[in-house]
Amino acid sequence: MNSNNNTHDPLVERALAGFDLAAEHHIAECQPCQAERDQVENALRQFAAANREYAQRPEDFWELQAARIRAARHESESKSRLTTTLIPSLVVLLLAAFAILGRAPRIHPVQPAAPVAQVDSDHELLLEVERAIHSDTPRALEPATLVDESDGNPPLDPALQNKETRSHEN
Amino acid sequence: METALRTALGAATQNITAEEFDAIVLRHQRRVHRFLLMLLRDPEEADNLTQECFLRAYLNRTSFRGESSPETWLLRIAANLARDHARSRKAGFWKRLLGLGDDADDGVAAQVPSDDASPEQALLARENVRAVWNAANQLSQQQRAVFLLRFVEEMELSEIASALDLQVGSVKTHLFRALQTVRGKLRNLR
């Protein structure tokens, strides 16, 4: 086939690839295409044979290669075994540690006692205020007096008490 | 899915043993190695990636679903490894710097069988092989893989599609382009 005869080229390639019946039929009829295909096929056969030859290795090589693969497999297996053993062991250890820590007696911080006395005195003060209201004593209405009394101070001077009453009237 | 691998291998029990996997290695390592050597054109890398391929196959043996033969499955792992390797810029840089691919071309061309051939025929055969190698070098990694699986490993299109995780139509397209390039190189030779 003349190289100018480009219309035949795809047919030769299809026939060489081996998946086109129409191309096969054409090549069976076309002498130049047949010659072209034979030439390319011949080159491809030589190429395949040369590659197979190039890839040939002595038997020792394959044994060594297989041994290396076996060693790599063993190494990866032992690594994965270590991982599968180590991780659950660590988890168990951690759980055990938490369990032991959880059982230990806890030290609670000492909380300040409730101000019971204060509550009581407040209550008493309220009662006294109520009592004073009911007794209509102006002095008794003075919270300061009440506080003074509750603190144990003597009652105020009556004169001062009157003065204070006046000032309240103002 | 270990059962699928065992069925494909003719084994019958539930878990694949280390000995059975060793048998798989011995049976398929030559083809896997050859495929990687052709793709990478670097014997040392082909050795390393062959080992890596079988290790990955062992670690992922449960993912084998038995839809293809174990050999096709192994070649798929090898093709993926080769693709990842080619993507590595570091490897590409050192290869280019050391000119590793060129040695492989000469190595393959020197291997032309010349049992009954005259010196002229042997020379022509070497030139043919070199031309096809050069053409293969110009192909993309995917096209080269398709081309090599078809013409060196003599695999069916459906097997190639399965090994490279492609549609059969894509395999045909890659093959067609690869043949165009090869024919172009061979024409230049004449």
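Visitor: How many residues does helix 4 of chain B have, and what does it reach from its first C-alpha to its last?
Guide: In this predicted model, helix 4 of chain B covers residues 70–87. At 1.5 Å a residue a reach of 26 Å is expected, and the helix comes close to that. The values are 18 residues and 26 Å.

Visitor: Which residues of helix 4 of chain B are buried?
Guide: A residue counts as buried if 20 or more other C-beta atoms lie within 10 Å of its own. In helix 4 of chain B, that holds for B:W73, B:L74, B:L75, B:A78, B:A79, B:L81, B:A82 and B:H85.

Visitor: What is the mean pLDDT of chain B, and where is the pLDDT below 50?
Guide: In chain B, 78% of the residues reach 70 or more, and the mean pLDDT is 81. The stretch below 50 has 7 contacts in the model beyond near neighbours in sequence, and this stretch is residues 10–14.

Visitor: Are helix 4 of chain A and helix 2 of chain B parallel, antiparallel, perpendicular or oblique to each other?
Guide: Helix 4 (residues 59–103) of chain A packs against helix 2 (residues 18–40) of chain B at about 135°, with the axes 10 Å apart. Roughly antiparallel needs an angle over 145 degrees, and roughly perpendicular ends at 115. The two helices are therefore oblique.

Visitor: Which residues of helix 2 of chain B make this contact, and is the crossing left-handed or right-handed?
Guide: The crossing is right-handed. Helix 4 of chain A contributes A:W62, A:Q65, A:A66, A:I69 and A:R70. From helix 2 of chain B come B:D22, B:V25, B:L26, B:Q29 and B:R30.

Methods
Residues numbered from 1 in each chain as written. Chains lettered and ligands numbered in written order. Predicted model: local features only at pLDDT ≥ 70, side-chain atom pairs only at ≥ 80, totals over all residues. pLDDT = per-residue confidence, 0-100. Contact = placed C-beta atoms within 7 Å. Helix = DSSP H or I, 4+ residues; strand = E, 2+ residues; numbered from the N terminus. Expected span 1.5 Å × (residues − 1). Buried ≥ 20, exposed ≤ 12 C-beta atoms within 10 Å, placed from the backbone. Axes fitted to C-alpha atoms, helices over the stretch in contact; angles between N-to-C directions. Parallel < 35°, antiparallel > 145°, perpendicular 65-115°, else oblique. Left-handed = near helix turned anticlockwise from the far one by under 90°.
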